[in-house]
Amino acid sequence: MPSITSDTVRPEAVAGRFYPAGPQALRSDLERLIAEVGPVDEPLAAAYIVPHAGYRYSGPVAAQVYARLAAHRGRVKRVVLVGPSHHYPLRGHAAAPYTSWRTPLGEVKAAPTHVVGLSRLPHEREHSLEVQLPFLQVALGDDIEVTPVACGMSQTPDTARIIAALLAEAGEDAVLICSTDLSHYHDQETATRIDAATAEAIKGLRPREIAAQHACGVFALRGTVAWADATGRRPRQLALATSADTAGDADRVVGYPAFAVERPAL
């Protein structure tokens, strides 16, 4: 479906709630989180799976991915972002009708796509893609381009094909970011057990075993895993934690994953 260009800028929807609204505090927090991972020396993966909660909770897990991207600063030119639509009952997939996305650190250029149609409604209030942008700005610089796509109810093979088409359209210097949290509001012991099973399904390339109630970005996640399987890649776990491990209550936690999706070593 042809894309429709727009002259609008998508403003921050969750600054001051999910991450600091002040640019200095935001940049300082992100630089600290990435630095705490330490230097990373490994090949750039084709895709990564990251969480999308408030930085206080999921930031240390997300930083495992962004430290790896920062090691390849200057090489990555475009990022395809896929994630859920929390506030709008979306069926299928929708790109965002914006020319850029604003964060407290400045604007990120949005690259148009011809792969899926555009809809403003899934993106207006959505945090799952927005919270990745400041991390990308710090890790990769201000000249990157993003193609944010919301993934609603969809068949896994369809989402996998759309991901493949988005990456082909974006070119060789593109990376895929799949945004998802895992289980929600169980106690720590139960969440750890559920999330471990989900992680095994991800690593084992078994998208049908990822239950909808165990990942809020399940459609994007299943599609990413199916795309990995179809292209000979395998997810490698970088981190798996819960909000209780970082800053939350152990009686009601949310799970956070970080994976690199890469070709196995020969």
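## The largest cavity

Helix α2 gives the most to the lining of the largest cavity, with four residues. Helices (H or I, at least four residues) and strands (E, at least two) are DSSP runs numbered from the N terminus. The model is predicted, with local features needing pLDDT of at least 70 and side-chain atom pairs counting only at pLDDT 80 or more, while totals for chains, interfaces and linings use all residues. Residues are numbered from 1 along each chain as its sequence is written, and side-chain values use heavy atoms, with hydrogens and water left out.

There is one cavity of 30 Å³ or more, and the volume of the largest is about 40 Å³. On a 1 Å grid over the protein atoms alone, a cavity is a set of points where a 1.4 Å probe fits but cannot get out; a pocket is an open set with protein on both sides within 12 Å along at least five of seven lines; lining residues have an atom within 4 Å of a point. Grid points are joined across faces, edges and corners, and a volume is the space filled by probe spheres set on the points.

Both α2 (55-70) and α3 (132-140) supply at least two residues of the cavity lining. Pro-51, His-52, Tyr-55, Val-131 and Phe-135 are among the lining residues. By class, the lining has six nonpolar, four polar and no charged residues (Ala, Val, Leu, Ile, Met, Phe, Trp, Tyr, Cys and Pro count as nonpolar, Asp, Glu, Lys and Arg as charged, and the others, Gly among them, as polar).

## Aromatic pairs

The structure holds four aromatic pairs (ring centres of Phe, Tyr and Trp, the last by its six-membered ring, within 6.5 Å; planes under 30 degrees apart are stacked, over 60 edge-to-face and the rest tilted). In one of them, the rings of Tyr-66 and Phe-135 have centres 4.6 Å apart and planes at 10°, so the pair is stacked. Tyr-66 lies in α2 and Phe-135 in α3, so the pair ties together parts 69 residues apart in sequence.

## Pockets

The largest pocket holds about 350 Å³ of space. Of its 20 lining residues, Ala-53, Tyr-57, Tyr-185, Val-254 and Tyr-256 lie nearest the centre. Its lining divides into eight nonpolar, seven polar and five charged residues.

The second largest pocket holds about 220 Å³. Among its 13 lining residues, Ala-45, Ala-46, Glu-172, Ala-174 and Arg-233 are the closest to its centre.
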